[in-house]
Amino acid sequence: MVVLVPIDGSDPARAALELALSESPDELLVLHVVDPPRALAAHGHRGLDDAMDAAQDAAERILEAATALAESRGVTVETEVAFGDPARTILEYAALDEVDRVVVGSRGRTGVQRVLLGSVAERVVRRSPVPVTVAR
């Protein structure tokens, strides 16, 4: 069984990874999606190319930590960095034939905050072609 775990370096993403690992999957596909507008907002003072390079470097560090944790528990890991809208990209990966399930973290925003900011986890839950577990 292959479990897709999208991570962004946040505590909820770490909880999702921990939950997925606790269920002894055959393999994890750990995905970090770089959202170009957010990368530009975070690192834009350096210019577009440097902002994307900085986002790529941050993604690789996040994935290295996830790989080390999974391997310490004897779980095979494949990692991917993708660029695009996070929810849409996660759903594209969830539709891959080998993915059996998604475990995603959620910050648990409610009310106006959720409406204004949107929820990647909510969009994934509503549209995923495979079962989704949400961790907080």
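1. Two strands pair if DSSP finds at least two bridges between them, and strands are DSSP runs of E with at least two residues, while helices are runs of H or I with at least four, numbered from the N terminus. With that in hand, here is the sheet: five strands form an open sheet in the order β3-β2-β1-β4-β5, with parallel pairing. β3 and β5 (132-135) are the edge strands, each pairing on one side only. From one strand to the next, the twist averages 25°; angles run from 0 to 180 degrees between N-to-C directions, and axes are lines fitted to C-alpha atoms, for helices over the stretch in contact.

2. A word on what you are looking at. This is a predicted model, in which local features need pLDDT of at least 70 and side-chain atom pairs count only at pLDDT 80 or more, whereas totals for chains, interfaces and linings use all residues. Residues are numbered from 1 along each chain as its sequence is written, and side-chain values use heavy atoms, with hydrogens and water left out.

3. Let us start with β2. Strand β2 (residues 27-34) has seven of its eight residues buried, so it is largely enclosed by the rest of the structure. Here buried means under 20% relative accessible area, exposed over 50%, and partly exposed in between (1.4 Å probe, protein chains only). On one pairing, β2 runs parallel to strand β1 (residues 2-6), joined by five bridges, with Val3 opposite Leu28. On another, β2 pairs with strand β3 (residues 76-83) in the parallel sense over eight bridges, and Leu29 has Glu78 as its bridge partner in β3.

4. How does the chain cross from β1 to β2? The path goes through helix α1 (residues 11-22), and this β-α-β crossover is right-handed. The term means that, with the strands pointing away from the viewer, the path from the first strand over the helix to the second runs clockwise.

5. β1 also pairs with strand β4 (residues 99-105), in the parallel sense over three bridges, and Leu4 has Val102 as its bridge partner in β4. Helix α1 packs on the sheet, where it touches β1, β2, β4 and β5, and its direction makes about 140° with that of β4. Within α1 you will find Arg14, which is partly exposed at a relative accessible area of 45%. Arg14 and Leu69 are 55 residues apart in sequence and 10 Å apart in space, C-alpha to C-alpha.

6. Next, a pair of helices. Helix α2 (residues 36-43) and helix α3 (residues 48-72) pack at an angle of about 105°, their axes 9 Å apart. The two are therefore roughly perpendicular to each other (65 to 115 degrees; under 35 is roughly parallel, over 145 roughly antiparallel, and the rest oblique). Pro36, Ala39, Leu40 and His43 of α2 meet Leu48, Ala51, Met52, Ala54 and Ala55 of α3, contact meaning heavy atoms within 4.5 Å.

7. Two loop residues are worth a visit. Asp35, in the loop between β2 and α2, is buried, with a relative accessible area of 19%. Leaving aside neighbours within four places in sequence, Asp35 is in contact with Gly84 and Pro86. Val75 sits in the loop between α3 and β3 and counts as buried at 7% relative accessibility. With neighbours within four places in sequence again left aside, Val75 contacts Leu21, Pro25, Leu28 and Ala70.
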